[in-house]
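Thanks for coming, everyone. Please look at the screen while I walk you through one chain.

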Amino acid sequence: MGGEAFAHGVTEGDKGYIQEITGLNLLPFLYLGAKHMVTGYDHLLFLFGVIFFLYRLKHVGIYVSLFAIGHSTTMLAGVFFNIAINAYLIDAIIGLSVVYKALDNMGGFQRWFGVQPSTKAATLIFGLFHGFGLSTKLLDYEIAPDGLLGNLIAFNVGVEIGQLLALSAILILMGFWRRTASFANHAFLANTVLMSAGFVLIGYQLTGFFVA
């Protein structure tokens, strides 16, 4: 059970603490939300792909907002209404979102399929799946029903804070990289690596699904 919890991103220490407390605990859930997003490499890989070719903060804000609306909706609904989805399968779909965005950045849809899906719609839709990824982890915490809604909102606020912190760091690093000649020369390679990471995530989670 401990290995399964770890595989789903729920540390035993955090899980034990949450199971012991009841009532409204805003700060602990705020911290857990921020911690999960900052350490959630699958979510960060997708965000990295989303903002890879976005240069204006206005456009970054639009896409990040769509992602936030998506994952906030399903995260809150998933836990509040106890919608249980297999964590390995939902995390495999999150890995697929990384593959999708890398392929999109490489121009693969136009080059190989002759179509260009709506990147805004895809960001929102995959945000919904990322939210179910969050909700499955929260359900693993077995949160007490007392103060549940307030704690969920605090967790979600923490997720957004963590997302902004991580995104700020990514944008700063991207800003420096974009000023160099290597960005244009290595953009395709970077997205190839990103896609490979997505396939690794898919394979890891599907392996866990069939083995567990």
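**A chain of helices**

Along the sequence, the protein chain reads α-α-α-α-α-α-α-α-α-α. That is ten helices and zero strands. Helices here are DSSP runs of H or I with at least four residues, strands are runs of E with at least two, and both are numbered from the N terminus.

Some ground rules. This is a predicted model, where local features need pLDDT of at least 70, side-chain atom pairs count only at pLDDT 80 or more, and totals for chains, interfaces and linings use all residues. Residues are numbered from 1 along each chain as its sequence is written, and side-chain values use heavy atoms, leaving out hydrogens and water.

Now, what lies inside? Of the 212 residues, 49% are buried, meaning under 20% relative accessible area with a 1.4 Å probe, protein chains only.

The largest nonpolar core has 29 residues. Such a core is a set of buried Ala, Val, Leu, Ile, Met, Phe, Trp, Tyr and Cys residues joined through side-chain atoms within 4.5 Å. I51, F52 and M174 have the most contacts inside this core. Elements giving it two or more residues include α4 (41–51) and α9 (148–178). Which element gives the most? α10, with six residues.

Take M174. Leaving aside residues up to four places away in sequence, M174 touches F48, I51, F52 and F183; contact means heavy atoms within 4.5 Å.

Another core lies apart from the largest one. This other core has 18 residues, among them L32, I143, A154 and A166.

Last, the outline. The C-alpha atoms fill a box of roughly 55 × 40 × 25 Å along the principal axes.

Technical notes
Buried means under 20% relative accessible area, exposed over 50%, partly exposed in between (1.4 Å probe, protein chains only).
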